[in-house]
Each structure stands twice: as C-alpha cells, then as structure tokens.
Amino acid sequence: MAPRFLRSIHVPHFKNTQDSVPARFFEVKSVTIPMSMHIGAPARPVVKVGEHVKTGQLIGEAGGFVSAPIHASISGTVKKIDNLLLAGGGTCQAVTIESDGLNEKAEGLKPPELTDLDSFIQAVRDCGAVGLGGAGFPTSVKLKVDPARVEYILINGAECEPYITSDTHTMRDNPKRIRTGLDALKRFFPQAQIYIGIENNKPEAIRTMREYTDRVELCDVVELPSSYPQGGEKVLIYNTTGRVVPEGKLPLDVGCIVLNATTLACIGKYLMTGEPLTSKCITIDGSAVKNPQNLIVPVGAMIREIVEHIGGLKCEPAKALYGGPMMGTAIPDLDQPILKNTNAVLILDEKDAKIPEPGPCIRCGRCIDTCPLHLMPTELEQACLKKDVKRLSELKINLCMECGSCSFVCPAKRNLVESHKLAKQYVREAGVK
Amino acid sequence: MSKMNLSVSPHIRSARTTQSIMLDVIIALTPALIASVVLYGFRALLLTQISCGFCVLLEFLYEKLLKRPVTVSDLSAVVTGLLVAFNVPVSMPVWMLLVGDLAAIILAKQLFGGLGCNFMNPALVGRIVMMFSFTTALTTYTGSAGLVDAATSATPLADPASYGFMELLFGLHGGVIGETCAAALLLGGIYLCVRGVIKPIIPLVYIGTTVLLTWAFGGVAPLRSALAGGLLLGAIYMATDYVTSPITDKGKVIFGVFLGLITALIRVFGNYSEGVTFAIILGNILVPYINDLTETRPIGANPPAKKEAGK
C-alpha cells in the first residue's frame, strides 16, 4: 500500500515570529526594483530616468509570454536604470526610485472586470503575480490551461521552512483576499477540488482558513504534518491528492495546479482593489537580528534600510539569506532589494553561519532513508564526483528538488545538495553537446 | 569585498555527527565491557584499553606519516579497538592483540583509504589474522580472575548441552571477553536502536535465520544457538557496521539472510564451531553487489529504459 504521506524529517521550527503581527514600513528612502523577479524573460522598463512615478504604476512590461509585469512600489522619481548583480549570480536591469515620501497611489487603479477565464488570466497577469513560494514562476502562465484538465487546485500554505511565518500571517491577517482569490478560481475552474494545505503547527491559520472557506463547495483545508518538506510542490501534491508527478512532467499532467497562499492573496487583493503586487510581508529573523519580526515592505526596499528600521543587528552579520535555512539563497551583503518572491530575510551570526567541515561518507544510509522522493543522495554525490553523467541520469538526478533534507541529516556533514546542483549542470551540459 | 558566508543551502544541519554515532556505539558496548571485567577480571579491561589506545595511535601515526588529515577524533578507531579486544580471550598475550589491531587499522581500514572506504569490517579482519596466526592462544579460555572458573574449557558452541539458559544469558562460561554476556550485548543493541544508530533489521534477520537453520540442519535448540558464541556481538555490532553492510533496507534483509545461512552452515557442518566471523566477512564482500541489486526506485521515475537529458 502506498503511504499516506511522503517521507519527511523533523527540522527545528524556529517560528519565533509567529505572533508578530506585521507592521508596515513604507518610509524608505528609495527602492531598487529588478526587472527579473520571476522565471522567464525579464520585464522591459517603460519609465525613464527623471520621471515621476506613483505606487502601482507600471514600470516594466512583461518581456514575453513567460514573464510578468513590474510596478512601482513607492511614489517618487526614477533615479537610475542600470544593471544589478542578482544574488543568484545573473545580472538584470533594475529601476531605482527615490521616494517623495508621499506614497501616493497611481490614478485609475480599479478592480478588473471579470467576464471569462481569459479576463481572469489577464487580471492575474496584470497584477504581476508570480510564484511567491520562492520559485517565481509567472502565475498567469500556470493558469492559462484548459479548465477541463484541472482536477485539483492546491493552495500551498504549508510554510515548512524554519523561521518563516509570513505566509501564515497572510492567511491569518488577510483571509478576505484569499477568499476573493478562491471565489475567482471556483468561478473559472468550477469542477476543480481545492485543497488548502497547512502544517498542523499553525492552528490559527487553519482555523481562519476553515472559517473563511466554510460552506464553499469543493474547498477544504488539509492539515499536514509539521515536518519538512510539506511545502515542496511534488510533496504537497502527493500528500493532498495521492498523485505522483512523473519525471519530466508538470503538475498539470496529473490534473493539479499549485498556488502559494500568498500568491493567491495577492491575486485576491488585485481583484478587490486593482492594486498590483508592490509590497510583501516578510519575516526578518536570524540570530544576528535584534528584534525579529514580520514586516510589510515595498518590493525593492533595501535589506540594510529595513534592518536599521527594526533596530539593527546584535553583531556583525556572518551570513544573510533570502528565504529559509533549508532552501534559501545566501546573499553577499545587505545591500540587496526585497524581491517579489522574498518571503523572509535571515541574518545569522558567526555561530549559526558556520557550516561544519565535511568528513568521509560512512554509508549510514540516512540520506536515502530521508529523501522524500526516494533518491540515493550519497550515490548521486559519488557519481557527481566522477562526473558520470550516465549514472547521474540513471539515478534520476533530474528529480531532485534540492529540499536539503539529505544534507541536513548527514552525520558526515557532506554537502549533498551542493553536489546535486553541480550534477544537474553536468547533465545539462552533456545534453547540450 | 564581502566577508559573509555564501555557502549553498541548506544552512542548518542536524546535531548528529559521525563522532556522536561512534560515541553511541562505545556507550552501547560499555555494559559488555563491564560484564567482561566481572566475568574475567581486570585483565579484560586492561586488554581493551591497550587495544583502543593502540588503534588510535596507529591511525594517528599512519595519517601523520602520509600527511593526510588526522581523523582520530571521529572515534571510529576506538570502536575498532574495543571490538578487536572483545574478540580475544582474557589470557591473550598483549603483543598478539596488537597484531590484531595492526591488521584491523592498517590492513583493513587505512590501506583502503580510511573510514568509509574499507570493504571489510576492520575488527573482523583483525580477528581473522589473529585466528590464523595464534589459533591456540585465541581459543584457550583459561587464566580468568573473575566469576568464570579458570578450568572451564569447552565453549557452549563446542559442547552445547553443558550450559543452562542463565549461564548463557549472563555469560558464565569460557569465551572471548566481549561476546559471552548476552544480556549486556542485547542491552547495548536496544540502546543503539533507540538512539537510531542502527536499524534492528540486520540483527533480527541474521539471528533469526541462524537460529532457524541451525535448528533445521542440526537440531540445535534455538535459544542456545542465539545466545552462544559470537552471534550476538557479530550481529549487533559488526554486521551492522555502516560501511560494510548494505545501504538500503531491502539490502539489509538479503544480507542478514545470507549471514545466517553461512553461519548455520559453518556451525553445523564446518570444522570451526564458530561461523560468525567468516559469514560477516563473506557478506562484506557481497555488499557492493547487494547494493547494486537493491537500488531504490525514485518516486515518479520513468521506467529505466527511457533516457532523458537534463532537468
């Protein structure tokens, strides 16, 4: 018999900010908004240096089908448009806006009129929604499908990463937005069963969501175990529907669409007010932060400025992350902007930043017992060290979702995820040749 | 330039380390060590300490000599030292024990690349070398200063009828110092399972198969074959050695059955009364093949015939 849930592990929760109701911080001096905060073609800037812009005004138009528009997150003057080095290593254009301190909304922001599925998809596109769980895949592209193929719509509110509580707060504090988004989904995907997956360590969020989806047909809140990685797309699909996304296929191929809870809230907000995605609720935490808390900030706000606003750091930062400690990306300094898909910024002290030195693999098999997808991380690492592309393909390196469970449990502290990322590159390069 | 750490995710790691695992094994072997002192006197403790110390020293010197990173802090050499000493009788001359340590640490472990690279259990290689070099010394169970009567000569395996259940359970008979007290070994085994250091699969399957087959082949009473000889020490502490046992659960079952079969065959039909050592060493050699046969099937993987490129 197939198990009810995929394998998962207990990681420390560190949900220090779970009761921190997010305050708003929009009194920033300036914002730097990259034109690439999504998977796909970067947006094209449509403003000029010196131009005055208002909150919600379009500043970058979608650069292709798989792309998303970008809007001004504060009102002020466009100071510069230049290249920015992103944390991931790439560069893209970024628009820097100097605040006029007024935070005026752009004129003419009004709720879109929904007539049919296409108008809904257009609305999702216009609001600038991308996968806010971290992937940043343009949401409109995900929804542009034949509704008959969609059997399940899964709302991902698992928030399984340690520390982060921003999705939880979006669900707790803005249930109306989520409900509005759900209603639209119900209208245009009437036969789809909607599941809202939330880990059971967030009873408040579960209760609020149940309250707001009470008596909605085909819409249920699913309590997931509080173990990592419940929020992984394939894991959520399996744990709510029992379906397996086959190798090389998309969730839609098994009748599923997965949307992050905050993404849905952002769509809901646009449907209610016509205000596009220009601000984010983020969790700021980590051992170096004096006052860990949730905060709503404009997209493009600089991390350094936010940190100073909330009381600064306890010590010299030794590591800073976009996102949680299991899958987050380390950033080189605090002069980095908040992106659309930033849900947390963690700043760690020397002790927490230190990654133990790897020792030899003792073949204990913990990584194999841990992998949610039953991969063999230690074998993958061996094949990666030998650059054995054939073996890597046999072992299905392409299925690895880099959740970090294997590295986390490894007693020899081997950097398995690092080798898996490298291995994927080897396979890609070999495929190109 | 930035001084911040830019390592790849994940940025937190579990508290479990190789060292803490080895420490747990040492803790698990402590009851058996205490039992050996009670049964055979303080020389048992002395031999164990010398063996551990010599193993650590050998590993340290070898790594220094070859300018490799010194890894003695992982405590694996201590575990090897304990297990080698547990495999000799209390009357064993010290220099012979040191030869066993040398074979274990240098021949079986370091020459193949150190921890994680050896394909045979180091302590068992040490035992085999001592067995062939000093057969008489290794099988003479006299000179005890503890509870066990020094005159006792026949081991329960050689003469199964001569001992009662309680004598077997608490090890009140001649034998090598670490293997006789079944109760202490079981206690340590339970500790290792509770702490998640080992899974009970290999010990249960191995002991179960041995008991069943020695009963089927030779009519040996089940409890007797389980408690006598080196089966418990081997099944709980040596067959479960990560490096030299299969990595998947399915593989562990196959391994356990194989070890049980070989042990039963040697015990019932062989010239040696004890089959555990050879069974585990033979099993160790098969591990790579068992691993190949029992690779996991990833969830969502297409059938193996199809080859695809990239992500």
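## Salt bridges

The side chains of A:K351 and A:D352 pair up in a salt bridge, at 4.0 Å from N to O. A salt bridge here is a side-chain nitrogen of Lys or Arg within 4 Å of a carboxyl oxygen of Asp or Glu. Side chains of opposite charge can pair when their charged atoms come close. A:K351 is exposed, at 67% relative accessibility. A:D352 is partly exposed, at 25%. Buried means under 20% relative accessible area, exposed over 50%, and partly exposed in between (1.4 Å probe, protein chains only).

This is a predicted model: local features need pLDDT of at least 70, side-chain atom pairs count only at pLDDT 80 or more, and totals for chains, interfaces and linings use all residues. Residues are numbered from 1 along each chain as its sequence is written, chains are lettered from A and ligands numbered from 1 in the order in which they are written, and side-chain values use heavy atoms, without hydrogens and water.

| Salt bridge | N to O distance |
|---|---|
| A:K351 and A:D352 | 4.0 Å |
| A:R207 and A:E204 | 3.5 Å |
| A:E402 and A:K424 | 2.8 Å |

A:R207 and A:E204 sit three residues apart in helix α5 (residues 203–212) of chain A, so about one helical turn separates them. Helices (H or I, at least four residues) and strands (E, at least two) are DSSP runs, numbered from the N terminus. A:R207 is partly exposed, at 45%. A:E204 is partly exposed too, at 36%.

Are A:E402 and A:K424 buried or exposed? Both are buried.

Salt bridges with shared partners join A:R363, A:E379, A:K390, A:R391, A:E394 and B:E295 into one network. Over all chains, the structure holds 29 salt bridges.
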